[in-house]
Amino acid sequence: MTIALRGEKLTRTFASPAGDVHACIDIDIDVAPGELVVVRGASGAGKTTLLNLLGGLDRPTSGRVWIGDVDTSPLDEEALAALRRERLGFVFQSFGLIPILSAAENVELPLRIAKTPPAERDARVAEALRLVGLADHAAQRPGELSGGQQQRVGIARAIAARPHVLIADEPTGQLDSRTAATVMDLISELVHSQGLAAVVSTHDPLLVQRADRVIELHSGRVHTGQIENGRVASAAAAPAHAEFAEAPAGPVDNGLHTPRTRAEAREQQRHPEP
Ligand SMILES: Nc1ncnc2c1ncn2[C@@H]1O[C@H](COP(=O)(O)OP(=O)(O)O)[C@@H](O)[C@H]1O
Ligand SMILES: [Mg+2]
């Protein structure tokens, strides 16, 4: 199986005056192209820490992160940042949009930073907005869009450079449950149609239903189990990579598929918060 993203025995320990905080302990995770992995857990379980490690925004205390076939552990900051720009897209709970820019300009910004040629930039922006269903809202500013639409712009921005990997930390955390479900459906559709490898964190049990696989975190450790009626059955005894009852959805032929051109320059996915 091709692996787009791999975490090997990831441990992240934060020093604090009250003693060490073990935010992630010995976590193994593999994500294949076209696979949506949901990281679920209560607040403080270690979701953000894990996603930051996988996204190359933070370094593990021990263990390794592979992005595609690249072991990131020996990379310096510059090389790691370049790899992030080339292969990863990020989506945030707070959307991270610039209020004075239109939806199209927000999506375009990272492409500008990556010095993508203007004609290609325009095409990428149009394509990304179309993929998230906002082609008719390109000129609107974030303040003129609903929360769900704003997050769609955030998703369009993340995928505009055609990353291999999508990392979304509680992307629906600021949305009502109905809107959250539609945003999660969109992510799921994009993952499967575009062949993205996605890691999405949530503490919403309903969103787990869209996952191909679920990683359940408790106090920095992984618990895995079968999905039953959208819930992860307790399975402390299950192996770390237990497959789930729900078969991974295959590529969805919804007309959204766009061929990737790996050789194309990829964008800087700068984002406002770690
Ligand atoms: N930079 C940090 N310094 C110290 N402790 C941290 C830091 N980041 C996270 N933590 C601690 O690590 C644990 C996991 O946090 P986090 O990954 O943010 O969890 P989640 O995203 O699941 O809410 C928490 O106890 C949190 O307080
Ligand atoms: Mg978090």
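The model is predicted: local features need pLDDT of at least 70, side-chain atom pairs count only at pLDDT 80 or more, and totals for chains, interfaces and linings use all residues. Residues are numbered from 1 along each chain as its sequence is written, while chains are lettered from A and ligands numbered from 1 in the order in which they are written.

Start with the whole chain. The protein chain has 6 helices and 12 strands. Here helices (H or I, at least four residues) and strands (E, at least two) are DSSP runs, numbered from the N terminus. The chain has 274 residues, and 46% of them are buried. A residue is buried if 20 or more other C-beta atoms lie within 10 Å of its own, exposed if 12 or fewer, and partly exposed in between, with C-beta atoms placed from the backbone. Contacts tell us how the chain folds back on itself. Two residues are in contact if their C-beta atoms, placed from the backbone, lie within 7 Å. Among contacts between residues at least 6 apart in sequence, 72% join residues at least 24 apart.

Now take the sheets. Two strands pair if DSSP finds at least two bridges between them. One open sheet has 6 strands, in the order β6-β7-β8-β3-β9-β10, and its pairing is mixed. β6 (88-92) and β10 (221-223) stand at the edges with a single partner strand each, so one side of each has no neighbour in the sheet. From one strand to the next, the twist averages 20°. Axes are lines fitted to C-alpha atoms, for helices over the stretch in contact, and angles run from 0 to 180 degrees between N-to-C directions. Within this sheet, β3 (residues 36-40) and β9 (residues 213-218) run parallel and are joined by 4 bridges. Arg40 stands opposite Glu216 in β9.

Another open sheet has 4 strands. Their order is β2-β1-β4-β5, with antiparallel pairing. β2 and β5 (70-71) are the edge strands, and each pairs on one side only. β4 (residues 62-67) pairs with β5 over 2 bridges, in the antiparallel sense. Trp66 has Asp71 in β5 as its bridge partner. The helix α1 packs on this sheet and touches β1 (5-14), β2 and β4; its direction makes about 125° with that of β1.

How covered is α1? It is mostly covered, with 7 of its 8 residues buried. Among these are Lys47, Thr49 and Leu50. Gly56 follows α1 and has a positive phi, near 70°.

Next comes the ligand. Ligand 1 is surrounded by Phe14, Ser16, Val21, Ala23, Gly41, Ser43, Gly44, Ala45, Gly46, Lys47, Thr48 and Thr49. To be near a molecule or strand, a residue must have its C-beta atom, placed from the backbone, within 6 Å of it. Both β2 (21-31) and α1 (47-54) supply at least two residues of the shell. The largest share, 3 residues, comes from α1. By class, the shell has 4 nonpolar, 7 polar and 1 charged residues. Ala, Val, Leu, Ile, Met, Phe, Trp, Tyr, Cys and Pro count as nonpolar, Asp, Glu, Lys and Arg as charged, and the others, Gly among them, as polar.

Some single residues deserve a look. Asp26 lies in strand β2. Its phi is near 55°, a positive value in a residue other than glycine. Asp26 is partly exposed, because 15 other C-beta atoms lie within 10 Å. Arg162 also has a positive phi, near 55°. Arg162 lies in the loop between α5 (147-159) and β7 (165-169). Arg162 counts as buried because it has 22 C-beta neighbours inside 10 Å.

Gln140 sits in the loop between α4 (118-131) and α5. Gln140 and Ala103 are 37 residues apart in sequence, yet 5.8 Å apart in space, C-alpha to C-alpha.

Finally, look inside. In soluble globular proteins, nonpolar side chains tend to be buried together. A nonpolar core is a set of buried Ala, Val, Leu, Ile, Met, Phe, Trp, Tyr and Cys residues joined through C-beta atoms within 7 Å. The largest one here has 66 residues, and those with the most contacts inside it are Val37, Ala156, Leu166, Ile187, Ala198 and Val199. Helix α6 (residues 177-194) gives the most to this core, with 7 residues.
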